[in-house]
Amino acid sequence: MDGSVKVTGTPALELRSVRRVYGFGSAATTALDDVHLTVPSGRFVSLIGPSGCGKSTLLRLVAGLEQPDLGEVLVHGVTPADACAAKMIGLVPQSPALLPWLSVLRNVTLPQKINRGAGRRRERIADFAERQAATVPDMKELLVKAGLGDALHKLPAQLSGGMRQRAAIVRAFGLQPDVLVMDEPFSALDEFTRESLQDQLLDLWEELRTTVLFVTHSVSEAVRLSDTVVVMAPNPGRIVESIDVDLPRPRGERLFGERRFHEYEDLVRERLRRAWSSEAA
Amino acid sequence: MTVADERTTAPVAKTPPPVEPSRFSLKHPRSRIAWIRPAVWLPLVVMLVLLGGLWHWGAEQLPYLLPPLSDVGGSLSDELGYYVHNALVTLGEATAGLGMGFVGAFVLAVLTSELPLVRRAVMPIAVVLNVTPLVAVAPALVVAFGFGPMPKLIITGLICFFPILINTATGLRSVPQQVLQVYRTMDASRVELLWHVRVPHALPYLFAALRIVFPLSIIGAVVAEMSASGSTGGLGTAISVASSMNQLPVVYASILVLAVMGVLLLLAVTVVERRVLYWHDSNQD
C-alpha cells in the first residue's frame, strides 16, 4: 500500500518498503510489512490503528530507536541515526519522562547542554537554509506560552499530569526539531486536559510548523490535529490508507460542531473497521 | 490558561529506591515540631525507664554478668578522655575504610552499568565476596598486615563495598526507558547520560546504601580491632582488653559509646542526604 502525499523537495520523512520483524522462526511476528510513507516537510501526520498494527514501531524506526530489517527510513534525506546526531528529531513519549530532580525550566533547557556539536552537523544536512531553525529559543517564553509560567521553578512532582506532559512537549519543541515524533502523548490524561493540550499543541505547532508524526488511538484527536491521517492495520502491521484532512486552520473548539469534522471522523472509523474486519476474515 | 489542569493530582514518587523512599520534593517541617507532643516521645521514655529498671534488677541478681548502670556511668565520666580517644581511633578507621570502599564500589558500579563485559566478569566475584563472612577473614589479614591500621581499613572497606556497589549499580541502570529514549534521540553521549541522568537518578539508591553501610563500617572496624587485640587502640581493643580483665563497666561503657557513635553517623547520613537531595530542590530559586 502506498501512503504517499504530494512531494516537493526532500521529504521530511520517507519510508521505503520497510519491514520489521520481532523474534525468530515460528515465534516471529511481523510488526511492519512493506510500508511506504512519504511526508512532506511541515505536515502534521497522525498514525492510527488498533494495537499491534505497528504504529509505535514505525515511530521508533523514525526516531532511530530501532532499525528496519528491510527497506529504508530517511529523515530529510539522511538516516534516523544521522538525524539524531544533528538533533533534528524531538521525541515526546507516552509518559512525560521528565527528570524529577530538575525544575521544569531546567528540564526543558537540559537538551541544549547535550550533544553540542549537533548544530554544525545539522547545517550540513540538505536544504538546511529552507528549514532555518538555528537560533536557540527562549525556553522561558515557550513555557509561558504553554501555560507553565507559574511552574518554571517547580519540580515535576509538584505538577499535575497535564502540566508535566506540557513540559515534555515544550522540551521537544525547544530543540526546534525538523521532525517531532509523539507517541500517544495524551493517552494517560483525562478528556478535558487532553483537549486543552491539543489546543496548545496546535498553537505551538502553528508557530513553528515542524513536521509532526503523531501516534494516537483516538479518532477525533487524529482528525482534529492532522493534515493527514494514516490508517494502519495489524497482522502484519501495514498502512491501509492515508486520508488528507482538508479542514481550515486554526482548528479551535468550533470545529467540534462542524459537520465536515464528523464526516472525517466517520470516514476514518469506517476505514479502521474495514481494516479490522478484513483482518478477522 | 485552562481550568482543567489546575487539578492537584497527588504527586506520586515514581521509583522508590529499595530501602528509603525518595525525598526529592518532600518538605518535612512537621517532623521536627512533632517531637513536642508527649504522644510522640512518651512511649520511648517509658520504654527506656522500664529497660533501665530491668537492667538494675538484673545487675542486683547477677553481679558477675551485668554491671550496675551507675558503674557504667561512673566509668564513662571518670575516664572520658580514654573513651573519646578510642572512639576517635575507631571512627577514623571506620570512615577511612568506608571512604575506600565507597570510591571503589562507586567506580565499579559505573563500570559494570556501562560495560556488560565488566559486569559479567565482576558481579559473580562480588557476590561471592559478599556471602563470605568477612569477619572470618580478619585474623588472616592481621597475620598479613600486622597490628597497624591496614587490616582494619581493608575489612571495613570490604564490608561497605558490596551494598554500595549493588545499590548504585541498580540505580544507574533503573532509569526509565522513556527517559533514555528521549535523550537517545538527541544522541546524548554516554558521559552526558551518566552525568545528567544516570548518576542523579542513582543518588537516592546510593543514600539508601549509605544508611546501611555507615553502621556496618563501625562493625567492621571493631571486629578488626578485636582480631588484632594488643594493637594501637580503638573501642574494639578496649572491649577485648577490659573483658579479659573482667572490667564489665568498661566493656558496657565502650559498647554504649559505640552505639552513640552509630546513631551519630546515621544522623550525619540523614543530614547529608537531605542536603544533597534538597539541593536539587533549593537550587532552583
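At what angle do helix H9 and helix H10 of chain B pack, and how far apart are their axes? The views below, taken from a predicted model, begin with this pair.

**View 1. Packing of helices H9 and H10 in chain B.** Helix H9 (residues 190-227) and helix H10 (residues 235-244) of chain B meet at an angle of about 45°, and their axes lie 7 Å apart. H9(B) is therefore oblique to H10(B). Their crossing is right-handed. On the H9(B) side, the contact involves Val222(B), Glu225(B) and Met226(B); H10(B) contributes Leu235(B), Gly236(B), Thr237(B), Ile239(B) and Ser240(B). Sorted by class, these residues are four nonpolar, three polar and one charged.

**View 2. The cis peptide bond between Asn235(A) and Pro236(A).** Omega for this bond is about -10°. Pro236(A) belongs to the loop that links strand E8 (228-233) to strand E9 (238-244) of chain A.

**View 3. The cis peptide bond from Arg249(A) to Pro250(A).** Here omega is near -5°. Pro250(A) sits in the loop between E9 and helix H10 (259-280) of chain A.

**View 4. Lys87(A), a residue other than glycine with positive phi.** The phi value of Lys87(A) is near 50°. This residue is in the loop between helix H2 (80-85) and strand E5 (89-92) of chain A. Lys87(A) is buried because its relative accessible area, 11%, falls under 20%.

**View 5. Glu184(A), a residue other than glycine with positive phi.** Phi of Glu184(A) is near 45°, and the residue lies in the loop between strand E6 (179-183) and helix H8 (191-208) of chain A. With a relative accessibility of 10%, Glu184(A) counts as buried.

Note on methods:
Residues numbered from 1 in each chain as written. Chains lettered and ligands numbered in written order. Predicted model: local features only at pLDDT ≥ 70, side-chain atom pairs only at ≥ 80, totals over all residues. Heavy atoms only, no water. Axes fitted to C-alpha atoms, helices over the stretch in contact; angles between N-to-C directions. Helix = DSSP H or I, 4+ residues; strand = E, 2+ residues; numbered from the N terminus. Parallel < 35°, antiparallel > 145°, perpendicular 65-115°, else oblique. Left-handed = near helix turned anticlockwise from the far one by under 90°. Contact = heavy atoms within 4.5 Å. Nonpolar A, V, L, I, M, F, W, Y, C, P; charged D, E, K, R; others polar. Buried < 20%, exposed > 50% of the residue type's maximum accessible area, 1.4 Å probe, protein only.
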